Amino acid sequence: MDPTTLDRIIELQKNPASIRNLCILAHVDHGKTTLADCLVASNGIISSRQAGKLRYLDSREDEQIRGITMKSSAISLHFQEGDEDFLLNLIDSPGHVDFSSEVSTAVRLCDGAIVVVDAVEGVCPQVKGKKPLFVQLVLDNIWSLYNAVVTHRDKEKVEKVLASLGVKVMARDSRHSDPKVLLSAICSQWLPVSQAVLSMVCNKLPSPIQITAERVEKLMSVGVRRFDTLPERTQELKNAFLQCSSNENAPVIVFVSKMVAVETKALPHNKKRPLTQAKISQCRELARQRHAERMAAAQQNHSVNALVDIQSGRLCKGDEIATEGLKESKTEEQRETFIAFARVYSGVVQKGQRIFILGPKYDPAQGLSMLPEHCNPSDSLPEVPHLSCCSIENIYLLMGRELEELEEVPSGNVLGIRGLEDFILKSATISTTPACPPFTPLNIEASPIVRVAIEPKHPGEMPKLVRGMRLLNQADPCAEVLIQETGEHVLITAGEVHLQRCLDDIKKFAKIEISASKPIIPFRETVVRPPKVDMVNEDLGKQQKVAVIHQVKDEVSHGRATGTLHVDSSGLVTLTTPNKLATVSVRAIPLPQEVTCLLENSSALIRTLEQVNMTLREGRNLDISVRTLEAITDLKAQLESKLQGRKWRDAVEHIWAFGPRRCGPNILLNKLEGYQRPSFWQYLCQEDKSGKDGAQTKNTREFDNSIVSGFQLATLSGPMCEEPLMGVCFCIERWDVQSLNWKHENTFEEMATFQEALGTIKAPESTDALEVTPTHPSQAKRYQDITSADCYGHVSGQLIAAMKEACRHAFQAQPQRLMAAMYTCEIMTTADVLGKVYGVVGKREGRILHEEMKEGTEIFIIKAVVPVAESFGFADEIRKKTSGRASPQMVFSHWEVISSDPYWVPTTEEEYLHFGEKADSSNQALKYMNAVRRRKGLYVEEKIVEHAEKQRTLSKNK
């Protein structure tokens, strides 16, 4: 960068009133990066002729190849409006739905945004045949110019337009073979986008000093806590946000939205700087002096000194080679450096400054109580949970592909910080005071759903793969990395494009060749109401229900001891623990679809409520924010309105727990008579607020948590293919527990007393040689209970296992179905390839929801749903079939029940014809279920050998 421009930007950084932090938001291929190029060209960083072609802020190679933005990148621009200068910190964000997490990281650092809308796709005629004002005054004129220049190439009309607009075009542009060059030259003078957009930004968007108090409180109120319940020193920091001060006494408050991986050689201090003329002259003079000294030494003692010079030269050369080899190996080990993408909200960030790193779970009240009153990060401090100290190595000005090193950055600016990669995983809050709370976590819209197992091609390179996946986990806000119970290293991404980018990043970080499995698609298991017809639309009646119950009984009789399980005709499962001390009765009921969707969308709120209830059970008080309290109240009201009917009477008040992981879309319902346990909504009750929650806690029965734990395990992995359950309500209708009243040390004495009373044994010399053989039936049962307790262990563990098995059998006693993850797909195409689009969607097990034709155009907008399991390669196939005239955009939408029964078996000739082993149609649910079971190593019932007889020789041997 020109030193004059850099000095000017540094000067503007000190005035927060002249700063504008903004990002560009738009759908994919709507022109965000092209607009960003135009704005960058206004500062002379790139040529205006290259704007829209260079895509300056797309610095990754795969971004240039695909033509889409995948990473948010920032650049600082200078703009002059009248006599006032402005500094614009511009962030270009992706438009593809797979990278919505990058949009979230950009929005958090900004005070406003430019929303780009494709007017051709977005504008529709209004009622009564009238055109909107925007179309009449703007679009019609632009289309008229476009038709004259590009479509008809009408030179006379073009000259009239140029004369009326007062625009002068260079001769080479008017004679260019590509008419779009002339169109660009005219529009750049007639409608200069950079001047219009930047002027609007400076006049309409707020500066950092105009941040609202409401936004500050939202940033500082983490989780359920209200702002007024934070410590007094923490509430005082609100003024630091509002003042946006850069004074020496102002506390430093910085938020890091993501960590960006940068090659070490791209850092400013590792780049080769161009030599100035003075530097070149100085180097030339030094070279001449050294040459003269060597010539003089060679003339004095030619033979000896020459030999010494040669040998020393070889030694020096060898040392240089060794040193270079060490440098190369060191560079090979650490080729990537992480730069924190951050914004300063208060104070001045300086190079070499010591700061606190506040983790997401840091509690300022706890930190202030454990630390001295006026401590700073440079002091020797005791350990505080989720609080660490470190030094800032370097700070940078972000200029797209380039980094410019700075000494300090005042409040209100966007910057890059080096030296935090060992302390920050994805995002964090930085401050010089322990009173600062961690900021509210980022809201990531796209949930990662596509997962693959990754392994190196050479097993010896596994440590490099682990390092590469660790770096990817830090560099990508949305990607998740985990190790499964089987030992597989699994990568979870948001979609197909995101997956490919993550795989490329792992190769770059690990520097090895890797192999990835086929995408592992998650499914869900659920139960439905008994269907009235089967897959060939034949009436079922009650046959299937009875058959399922008998099937469950048969499976249990082969796998477990008899007498511990009972299934009645209504689907109620009763299971007794092996030691005969506990019995539970469970019934599985399908939840309404709208309730399942509500619970799925409210998982974060349910998790928050579970944390509040846990705090109340521990006897501690927690003040939650009004916004969270209103959300909890609204959730309860929605559940009560959606759970209507006789079987759901007072169901919301009797909710025992949600699962899996205590926040999932399944319900454990308390239907026990006489057991009034604390309500799941106890925080909303006035009695709990008045301090009577302790009395309710005493009403909790012993082993209550064992019932909940068994429910959590059952909903985490279902019986069909060990996938999580969804939309199932388990009702507990019976729970009996018999406690053991004897001590283990008295067991031998009690048994000896039994035998002595019967006279069957003599008194033993020691208890080690004691053998008991009871003969009386009642005492035999007593003896069996004692030995059972010793054999199986504690009651709580057996109750957990019994509850889990009871839930699984209750689930199997109902009609079982798989649920598939679904993408909502929006396709833009023309009428001539509409049939091909329908064919590809039908081939992928999708269905068309509706289609709409843009009036006045030949464009059709088709909205469809496609299973995630069938979506890989969908975009490429639809482009090939339509020769690029159809473009799909897919985003995860919902979970949908697959209508076919995976356990249905054809019995009649007609059924075998349609769904037999050699039929054209297949049971889609069975195919998915067997694929998941096969991947997990579970038993799959399938025919391996189809024709076992020996192949017949067609010709006789002669």
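Residues here are called buried when their relative accessible area is under 20%, exposed when it is over 50%, and partly exposed in between, using a 1.4 Å probe and protein chains only. The model is a predicted one, so local features need pLDDT of at least 70 and side-chain atom pairs count only at pLDDT 80 or more, while totals for chains, interfaces and linings use all residues. Numbering runs from 1 along each chain as its sequence is written, and side-chain values rest on heavy atoms, with hydrogens and water left out.

Staying with N376, this residue sits in the loop between α15 (364-370) and β9 (387-391); helices (H or I, at least four residues) and strands (E, at least two) are DSSP runs numbered from the N terminus. A polar atom of the N376 side chain lies 3.0 Å from the backbone nitrogen of S378. Such a polar contact is a pair of N or O atoms within 3.5 Å; within protein, one must be able to donate a hydrogen and the other to accept it, and residues adjacent in sequence count only if both atoms are side-chain atoms. Setting aside neighbours within four places in sequence, N376 is in contact (heavy atoms within 4.5 Å) with F356 and L381. R354 is 22 residues away from N376 along the chain, and their C-alpha atoms are separated by 8.3 Å.

Not counting residues up to four places away in sequence, I506 touches I454, L465, M469, L472, L491, K511 and I514. C-alpha to C-alpha, I506 and R467 are 9.0 Å apart in space and 39 residues apart in sequence.

Now for the aromatics. Searching the whole structure turns up 13 aromatic pairs, where rings of Phe, Tyr and Trp (its six-membered ring) pair if their centres lie within 6.5 Å, and planes under 30 degrees apart count as stacked, over 60 as edge-to-face and the rest as tilted. The rings of F241 and F439 are 5.7 Å apart at their centres with planes at 40°, so this pair is tilted. F241 lies in helix α12 (residues 232-243) and F439 in the loop between β14 (428-431) and β15 (450-456), so the pair ties together parts that are 198 residues apart in sequence. F241 is buried at 2% relative accessibility, and F439 is buried at 5%. W656 and Y675 form an edge-to-face pair, 5.7 Å centre to centre with 65° between the planes. W656 lies in strand β23 (residues 655-659) and Y675 in the loop between β24 (666-670) and α22 (686-689), so this pair links parts 19 residues apart in sequence. W656 is buried at 3% relative accessibility, as is Y675 at 4%. F241 and F439 also belong to one aromatic cluster together with F255 and Y345.
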